[in-house]
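Thanks for coming, everyone. Let me put the structure up, and then we will walk through it together.

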Amino acid sequence: VHQKSNNRTIAVFAALTLFASTYVYHVSPLARVNATTAVLSLAGIYCLDRRGRRWTVLGIVLLLSALYCKQTAIDAVAAGVIYLLVHSWRKGVATAVPILTAAVGLFVLVDWYSLGQFWTNVAVANVNPFDWTMTTAYFQNFGEIHLVLLAIAGAGLLLEVRRRRVTIYHMYLVSALAVSLSVGKWGAGESYFLDALVALCVVAGLTLGRLNTVLPQGWRPLLPLVLLCQMP
């Protein structure tokens, strides 16, 4: 956020808003892999947003690592690949093929080494009933708690779509919210929203950074304070 907006205050407030979320400080102390997945996913997205082959390779490694922390990292992989395909189909293909090849190769290798227990305990064990009622309840709770973030990020997303300047972070927000629908699966919980929360804070920060360049000078110091309304 600081690099995109050149505003350190907004960047700091965006980060603090993430850590102030009741979802984050409720789930993270439980030592779930979701927090690690979110860190690796954001790092991978950041690398793919940079120019250069080394950044792309590092992004692939990070996204693959996130994917093997938890399968919900498919949101970051999808956002990164789609973004690259839109801007440079060659780079998109060059990113998608190694991720797919490595992911399948690692799966086969680990499953073979574990005598099929990887498939049994990671894939089959997670095929649980899905309940749309539970999905609706979780999303209602998520929306009520993070209303300010959703409003700011949603407005920013609509603005960038209209300007046709959607960034990889905006795509990540959409894909993360889409994957969060899997919260309706039995055994899921607030942890399934961590990636979406990370993306929300980033996009909200970018939106405020954008407003900082167009609002009158006297209003600009108040922008970071908007995020205080989100903090419990």
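One term before we start: contact means heavy atoms within 4.5 Å. With that in hand, take Ser175. Leaving out residues up to four places away in sequence, Ser175 touches Asp75 and Ala79.

Now, what are we looking at? This is a predicted model, where local features need pLDDT of at least 70, side-chain atom pairs count only at pLDDT 80 or more, and totals for chains, interfaces and linings use all residues. Residues are numbered from 1 along each chain as its sequence is written, and side-chain values use heavy atoms, with hydrogens and water left out.

Overall picture next. How many helices and strands are there in the protein? The count is 13 helices and 0 strands. Both kinds of element are DSSP runs, numbered from the N terminus: helices are H or I with at least four residues, strands are E with at least two. Read from the N terminus, the order is α-α-α-α-α-α-α-α-α-α-α-α-α.

On to dimensions. Along the principal axes, the C-alpha atoms fill a box of roughly 65 × 40 × 30 Å.

What about contacts along the chain? Take those between residues at least 6 apart in sequence: 74% join residues at least 24 apart.

Now burial. Buried means under 20% relative accessible area, exposed means over 50%, and partly exposed is in between, with a 1.4 Å probe and protein chains only. Of the 232 residues, 42% count as buried.

Charges, quickly. The protein has 17 positive and 8 negative side chains. Lys and Arg count as positive, Asp and Glu as negative, while His and the chain ends are not counted. The centres of the two sets lie 18 Å apart. For each charge, the place is NZ of Lys, CZ of Arg, CG of Asp or CD of Glu.

Let's go back to Ser175. It sits in helix H11, residues 168-179. Is Ser175 buried or exposed? Ser175 counts as buried because its relative accessibility is 13%. Its side chain reaches the backbone oxygen of Tyr172 at 3.0 Å.

Tyr83 is in helix H6, residues 74-87. At 14% relative accessibility, Tyr83 counts as buried. Which residues is Tyr83 in contact with, leaving aside neighbours within four places in sequence? They are Asp49, Val166, Thr167, Ile168 and Met171. Tyr83 and Cys47 are 36 residues apart in sequence, and their C-alpha atoms are 13 Å apart in space.

Tyr46 is in helix H4, residues 34-48. Its relative accessible area is 28%, so Tyr46 is partly exposed. Residues up to four places away aside, Tyr46 touches Gln3, Trp55 and Tyr169. From Tyr46 to Thr213 the sequence gap is 167 residues, and the C-alpha to C-alpha distance is 23 Å.

Now a glycine. Where is Gly184 found? Gly184 is in the loop between H11 and helix H12 (194-212). With a relative accessible area of 0%, Gly184 is buried. Not counting residues up to four places away in sequence, Gly184 touches Pro129, Phe130, Asp131, Met134 and Thr135. Gly184 and Phe130 are 54 residues apart in sequence and 5.4 Å apart in space, C-alpha to C-alpha.

A quick stop at Thr22, in helix H3, residues 22-27. Thr22 counts as partly exposed, at 25% relative accessibility. Thr22 and Ile145 are 123 residues apart in sequence, and 8.2 Å apart in space, C-alpha to C-alpha.

Last topic: backbone angles. Most residues other than glycine have a negative phi. Asn6 has a positive phi of about 60°, although it is not a glycine. Asn6 is in the loop between helix H1 (2-5) and helix H2 (8-20). It is exposed, with a relative accessible area of 65%.

Leu115 also has a positive phi of about 60° without being a glycine. Its place is the loop between helix H7 (89-113) and helix H8 (117-123). Leu115 counts as exposed, at 75% relative accessibility.

That's the tour. Questions, please.

Definitions and conventions: Polar contact = N/O pair within 3.5 Å; in protein donor to acceptor, adjacent residues only side chain to side chain.
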